[in-house]
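Trainee: I'd like to learn how to read a model like this one. Could you walk me through a few features?

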Amino acid sequence: MTVSLLSMTAHGAITVPYTVESLTEGNLQINPGTTSNTSWAVSFNMEINPDFSLENALPVYSANYSGANPTGNVFYLTGFDHGECTFAAEKPLPNPASSWFTNATLTLDASPLTLIYRQDLSGGGSTISLYQGTQLIMSGTNAASLFPLNNNLSTLWTNNGNIQYSNIQVSYFDKDPGIDSDMSILSALNIPEPATASMGLLGLAVLAMRRRRF
């Protein structure tokens, strides 16, 4: 399945198609078609079986993998309780050498989750931000670690049918936040602002009422 990206050329970004392929263990592989990208955004809807019992931290997204195991830097699901999730972005558990953030907690809904990664090429470290819709959940900076989007290695992980993904979109972009702000990136990934989403729902309700009258 090919995932088409919305154009970000107005913000100076590179836009290419990304391919999502089925892997063993039910994993999804993101192939950006290039060796590596230092700044990127990945957006997806995440659905978890409400009866799922999380015993150990599970990888959601990893920069690399080896066989059926994530390597490199990993975005983890570290807690789950009837829709309430806790996430961490760090080196492989259980003994991470470094992390961007831990204990990012949210309740899953219809809004997509988006990870935005920025690498400061001047040596100032890297930043990862987690959004639910357009709401910033948590952001953290790490001076030591890189989290590049690697060709054939960046992966969304499922877990025996308990975790499913949909509406997957990926982009890589310019590093300058003045050019590519988080809001412009979210907009390019077709993630509506809350007011826009509310207006869309109101419009659907009005149309439904009109149809009933006729």
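Trainee: How many residues lie between strand 10 and strand 11 in their hairpin?

Mentor: First, the ground rules. This is a predicted model, where local features need pLDDT of at least 70, side-chain atom pairs count only at pLDDT 80 or more, and totals for chains, interfaces and linings use all residues. Residues are numbered from 1 along each chain as its sequence is written, and side-chain values use heavy atoms, with hydrogens and water left out. Strands are DSSP runs of E, at least two residues, and helices are runs of H or I, at least four, numbered from the N terminus. Here, two residues separate strand 10 from strand 11, and Gly133 in that turn has a positive phi of about 65°.

Trainee: Which way do strand 10 and strand 11 run, and how many bridges join them?

Mentor: Two strands pair if DSSP finds at least two bridges between them. Strand 10 (residues 125–132) and strand 11 (residues 135–142) run antiparallel, with seven bridges. For instance, Thr127 has Thr141 in strand 11 as its bridge partner.

Trainee: Is Arg118 buried or exposed?

Mentor: Buried means under 20% relative accessible area, exposed over 50%, and partly exposed in between, using a 1.4 Å probe and protein chains only. Arg118 sits in strand 9 (residues 113–120) and counts as buried because its relative accessible area is 14%.

Trainee: What does the side chain of Arg118 contact?

Mentor: A polar contact is a pair of N or O atoms within 3.5 Å; within protein, one must be able to donate a hydrogen and the other to accept it, and residues adjacent in sequence count only if both atoms are side-chain atoms. The Arg118 side chain makes one of 2.9 Å with the side chain of Asp182.
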